[in-house]
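The sequence and the structure come next, and the discussion follows them.

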Amino acid sequence: QPLWKNVEDRIGEMDVDEWNARPRNMTCHNLLRTNAMPSGTANLLGLGLNYCLKSPSTNDTTTKTFERLTEDVRRIYALRDVEDDGNYIPKLYIKSDYRFDPASPDLEKALVSFKKAVLSTQQQLRNRRKRPRRNLSHGNWNLLHFLRKNDIYIVVHGDKNLGPCIIDRKFYIEKGCLEHLGNTTNYKELTKEGAFNRQRGLQIQMRKFISKYRPRHEQEDPADYTCISDAEDTFLRRAMKQAPDKLARFRMTAKVHKTPWKMRPIVCCSGTMMNDWSKWLDHWLQKLKPIVPTYVKDSQQVLDELQPLRLPPHARLFTADANSMYNNIDTEHAIRVIEWWLNNLDERDLLPEGFPLEAVIDAMKIIMRNNIFEWGSMYFLQLLCTAMGTSSAVMWATLYYAYHEVHKLIPTHGHNLLF
């Protein structure tokens, strides 16, 4: 039957909720140069890369829920009489794989009864309702599987949250090499064996770090430096155990708001041992923000401080942005500057209470000098600039530039600034 009839039939099958919930602001950027865009791609990608696919079955929707509920009840029961020692840092926590013993017979019986009641209610609802319909058409579903498995196209995020982009995979690889990884000043290609040998070396360094800065017990001689807390020690040890050999991964987003458009490099470090170590470093660097005189918490703080100002008629409001700031920070120079600044704060007794100065400096040197990542079957070591993708990168770069603001910009131009 003709296309218009298919459209008419599909709209007729939709209920009111489905019709009102359909996406309206659909954006897809066609960056293909040599290959034609598959039919229906704009409609599929216009849904967005965060579009949630509805399962055609509800049979397994509560399987993990019951497992988590049972574990939570048993954990709470086992720790019911344990006092909170306050040694818990939410940002530095990796869930333990420890399995608690069953709770009291009454609780275990209640869990079983609750599960049976929920499953019974689910089954009654399934018998009463129509089978759930996918929120993708058959054509879009088939196209989705094609795009996932093909070697011709690749779909990437648009920078600044501007929507999905479809690019020739070959051209995407060329852009990655020519614009970024082909720069031998910033990146060094490694063999697979060389990359994992370096990673194992980092595991050894992390073990030494934990051993050196671990908490000291009462019967032990105190260290002549500040040690980490029990919570930090537990976090780092679990990080090593969780994914010791996992490497970060390189990818790119398209700067479609630029003319001509370019690629933004991104290193995905989530779930790696080194990024967990970087999270610990970021935890302590964040505590230095109040010491930075130019630090602004959020836009509301700016508005609150601007309102009472009495500005002359010739006053001007301006902002500035750095061009490739992270890529233009020399790693060794930044390490020297931040180390000197931290030592200077320590001499003036301005560091936050309990700040592990020696541990922070040691971790900073290791993390910023050892950003290893993979891209397909290739492996790289970042030689210069801020270690892309690591949790501490933003704060590390902020502190480095803050030194320049405090010692150069403010003394030179401060008399002209009204805010």
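Cys 269 counts as buried, with a relative accessibility of 4%, in what is a predicted model. Cys 269 takes part in no disulfide, and the nearest cysteine sulfur, which belongs to Cys 268, lies 7.6 Å away.

Cys 165 is likewise described as buried, at 0% relative accessibility. The cysteine sulfur closest to that of Cys 165 is in Cys 28, and because the separation is 7.5 Å, the two are too far apart for a bond; the cut-off applied to a pair of cysteine sulfur atoms is 2.5 Å. Under this rule the number of disulfides comes to zero.

## The nonpolar cores

The largest nonpolar core holds 57 residues, and the members that touch the most other members are Phe 209, Leu 236, Trp 277, Trp 280, Leu 342 and Trp 396. The elements contributing two or more residues to this core are helix 8 (192–213), helix 9 (230–242), helix 10 (273–285), helix 12 (331–347), helix 13 (357–369), strand 8 and helix 14. Helix 13 gives the most to this core, namely nine residues.

Once neighbours within four places in sequence are set aside, Phe 209 is in contact with Leu 236, Trp 277 and Trp 280, and also with Ala 359, Asp 362 and Ala 363. Another core, of 21 residues, lies apart from the largest one, and its members include Ala 248, Phe 250, Met 263 and Phe 373.

## Thr 386 in its loop

Where does Thr 386 lie? Thr 386 is placed in the loop that runs between strand 8 (378–382) and helix 14 (393–413), and with a relative accessibility of 1% Thr 386 counts as buried.

If residues up to four places away in sequence are not counted, Thr 386 touches Tyr 326, Ile 329, Ala 393, Trp 396 and Ala 397. One of these contacts, Trp 396, is also among the residues that touch the most other members of the largest nonpolar core.

Is Arg 207 itself buried, exposed or partly exposed? Its relative accessible area is 46%, so Arg 207 is classed as partly exposed.

Definitions and conventions: Residues are numbered from 1 along each chain as its sequence is written. This is a predicted model: local features need pLDDT of at least 70, side-chain atom pairs count only at pLDDT 80 or more; totals for chains, interfaces and linings use all residues. Side-chain values use heavy atoms; hydrogens and water are left out. Buried means under 20% relative accessible area, exposed over 50%, partly exposed in between (1.4 Å probe, protein chains only). Helices (H or I, at least four residues) and strands (E, at least two) are DSSP runs, numbered from the N terminus. Contact means heavy atoms within 4.5 Å. A nonpolar core is a set of buried Ala, Val, Leu, Ile, Met, Phe, Trp, Tyr and Cys residues joined through side-chain atoms within 4.5 Å.
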